[in-house]
Amino acid sequence: MDDLNDNKLTQDGLPLYEHTGKVLVIACGALAREIIDLKNANGWTHLDLTCLPANYHLYPDKITEAVRGAVAKHEKDYQRIFVAYADCGTGGLLQAACAELGVEMIAGPHCYSFFEGNDRFAETSEDNLTTFYLTDFLVRQFDAFIVKPMGLDRHPELRNMYFANYEKLVYQAQTDDPELTEKAKACAERLGLAFERRLTGYGDLSKALEQL
């Protein structure tokens, strides 16, 4: 990411970023590919992206302070900062921090909701309780983010304990990729769950970035 010309001032004494309209997106590393794809497809040259570690998906208690640190590091260089995280298991702490810092964040409880579309996801809340969700990223990183952290590679019998209350796996596909679909089916089979694919695209993530 550029340092925006070392914070030089314009002739009227204002920071250069106030004339560029540059926006920084602070995102979960699991969304990096999707945000870059959207940026390139739409020609959003005013958007810069910085990502926090994707494995914070597994440790949501780290997200809020990491976002605080990223805002403090970059706020002097940008006219606007947007946080591409939903609540993501922070129990409202991230939203409170963003309100305190004066930065916006994407609405919703988690990425599964905003990829589906928050309104649509809320309509199916009862069904969601027995559904295990995967995105493109999580399909690609299934072993690293699901199998190994849960110990299923060492103790496959734990599957019955972890997934006893789940009925199906829903693959929320951001891209129409047959290879990823086949891999997602294999993930469902490994977990002993019925399989459903929904081509969600980028959902509310696209809409939120469009407004920037």
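Analyst: Let's start with helix α2, residues 32-42, whose buried residues are A32, E34, I35 and L38. Buried here means under 20% relative accessible area, exposed is over 50%, and partly exposed is in between (1.4 Å probe, protein chains only). Helices (H or I, at least four residues) and strands (E, at least two) are DSSP runs, numbered from the N terminus. An α-helix has 3.6 residues a turn, so residues three or four places apart point the same way.

The cover over the buried residues of α2 includes β1 (23-28), β2 (47-52) and β3 (80-84), along with α5 (111-116), α8 (136-140) and α12 (203-210). Contact in this sense is heavy atoms within 4.5 Å. After α2 comes G43, with a positive phi near 70°.

A positive phi also turns up at C88, near 55°, and this residue isn't a glycine. C88 sits in the loop between β3 and α4 (93-101), and is partly exposed at 23% relative accessible area.

Over in strand β7 (residues 194-199) you'll find R198, which is buried, with a relative accessible area of 13%. Its side chain makes a polar contact of 3.3 Å with that of E116; the term covers N or O pairs within 3.5 Å, where within protein one atom must be able to donate a hydrogen and the other to accept it, and residues adjacent in sequence count only if both atoms are side-chain atoms. Setting aside neighbours within four places in sequence, R198 also touches D127, Y133, K168, V170, Y171, Q172 and A173.

A word on the ground rules: this is a predicted model, so local features need pLDDT of at least 70 and side-chain atom pairs 80 or more, while totals for chains, interfaces and linings use all residues. Residues are numbered from 1 along each chain as its sequence is written, and side-chain values use heavy atoms, leaving out hydrogens and water.
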